[in-house]
Amino acid sequence: AFGFGSIYAGFYLTMAKVEHVEEEKTRREKELAMLKKNSASEEDIIDKKAEIENLRQKMNDLINETTQTLL
């Protein structure tokens, strides 16, 4: 019973981390849209896209790590 409890707790903790990263990614995507709307420099747009891609990769890494741990 304790083993299952710890697995569920670990799973939900990881999902909370993923959700937090998802919220950050969404916020950065909105910032990117505002940069494009305000005709920001190409360098700023590229930097924001890189931030978004890094967050996307972090989310995937968290999910993969959790999947491997649970299996």
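Student: Where does T67 lie?
Tutor: T67 lies in helix 2. Helices here are DSSP runs of H or I, at least four residues, and strands are E runs of at least two, numbered from the N terminus.

Student: Before we go on, what kind of model is this?
Tutor: This is a predicted model: local features need pLDDT of at least 70, side-chain atom pairs count only at pLDDT 80 or more, and totals for chains, interfaces and linings use all residues. Residues are numbered from 1 along each chain as its sequence is written, and side-chain values use heavy atoms, with hydrogens and water left out.

Student: How many helices and strands does the protein have?
Tutor: The count is 2 helices and 0 strands. Helix 1 spans 2-37 and helix 2 spans 42-70, with S39 in the loop between them.

Student: What about the phi of S39?
Tutor: Phi is near 55°, a positive value in a residue other than glycine. S39 is also exposed, at 63% relative accessible area. Exposed means over 50%, buried under 20%, partly exposed in between (1.4 Å probe, protein chains only).

Student: Overall shape: what box do the C-alpha atoms fill?
Tutor: Roughly 55 × 15 × 10 Å, along the principal axes. The radius of gyration is 17 Å, whereas a compact globule of 71 residues would have one near 11 Å. That radius is taken over C-alpha atoms, and the globule rule is 2.2 Å times the number of residues to the power 0.38.

Student: Which residues make up the largest nonpolar core?
Tutor: V18, V21, L55, M59 and L62, 5 residues in all. Helix 2 gives the largest share, 3 residues. A nonpolar core is a set of buried Ala, Val, Leu, Ile, Met, Phe, Trp, Tyr and Cys residues joined through side-chain atoms within 4.5 Å.

Student: And what is L55 in contact with, leaving aside neighbours within four places in sequence?
Tutor: V21, E24, K25 and R28. Contact means heavy atoms within 4.5 Å.

Student: How much of the protein is buried?
Tutor: Buried residues are 18% of the 71.

Student: Last one. Is I7 partly exposed or buried?
Tutor: I7 is partly exposed, with a relative accessible area of 42%. I7 sits in helix 1.
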